[in-house]
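I opened the model to look up its charged side-chain pairs and one of its helices. My entries follow.

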Amino acid sequence: SRTDTMIICSVNTETGAVKLTSIMRDTAVEFTDIGKYNGTYRINAANYFGGPELAMKTVNELLGMNIQYYAMVDFTSFSIIAEKLGGIEITITQAEMEQINKNALQQAKLALRAGIDESELEATNVWLETYGENTHLNGRQTLAYARIRKIDSDFSRAERQRKVLIALLDKVKTKNMQEIVGLAT
């Protein structure tokens with residue numbers, strides 16, 4: 001399917017510094033090697049047309065990079081990862097809280113219709129009733145926050161996604177290797 005989000009993660013192997021760069025999903029790119037669908041499409045279609053390999057190739061050609069590795073996570077897996085890490089604490093507005101609840105409900109319905117097992121999500125039906133500084137979001141709410149785009153812009157959405165990934169990475173940094181391996185089971 002089309003990618004909901006594309007983020008380049010750069011790691012400085014000497015300092016351990018991590019940089020996240022969002023690729024706006026509406027970026028227009030020319031596809032010339034996909035057969036009858038050749039033409040100009042949004043960059044988020046690269047995965048649809050040719051999987052992760054075409055997505056990496058497209059980004060590399062567009063930005064003059066040499067990305068060789070990727071990670072792809074679907075919505076349910078992302079929610080489960082966030083849930084297993086204990087969710088996140090983040091500052092949100094009332095408008096974001098309301099959109100989180102709408103997005104979370106939509107995601108639950110989509111998963112149910114698709115027959116996706118979400119039993120690993122501890123709180124699949126919890127409504128967020130607070131907002132402000134250090135608001136706790138469970139796994140599904142974390143995904144719902146990262147997907148908000150209707151209240152402002154795709155740029156704000158991309159910024160939220162980077163905040164979420166940084167918050168989750170900060171949680172991973174507090175774990176030892178045994179705990180990290182345990183998250184995968």
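I looked up R25 and found it buried, at a relative accessible area of 15%; buried means under 20% relative accessible area with a 1.4 Å probe, counting protein chains only. This is a predicted model, in which local features need pLDDT of at least 70, side-chain atom pairs count only at pLDDT 80 or more, and totals for chains, interfaces and linings use all residues. Residues are numbered from 1 along each chain as its sequence is written, and side-chain values use heavy atoms, leaving out hydrogens and water.

I then checked the partner of R25: D4 forms a salt bridge with it, with the closest N and O atoms 3.5 Å apart. I took a salt bridge as a side-chain nitrogen of Lys or Arg within 4 Å of a carboxyl oxygen of Asp or Glu. R25 sits in the loop between β2 (18–23) and β3 (28–31) and D4 in the segment before β1 (6–11), so the pair ties together parts 21 residues apart in sequence. Strands are DSSP runs of E, at least two residues, and helices runs of H or I, at least four, numbered from the N terminus.

D4 also has a salt bridge to R147, at 3.3 Å from N to O. That pair links distant parts of the chain, with R147 in the loop between α4 and α5, 143 residues from D4. I noted both D4 and R147 as buried.

Next I looked at R157, which forms a salt bridge with D154 at 3.6 Å between the closest N and O atoms. The two are three residues apart in helix α5, about one helical turn. Salt bridges that share partners join D4, R25, R147, D154 and R157 into one network.

Key:
Buried < 20%, exposed > 50% of the residue type's maximum accessible area, 1.4 Å probe, protein only.
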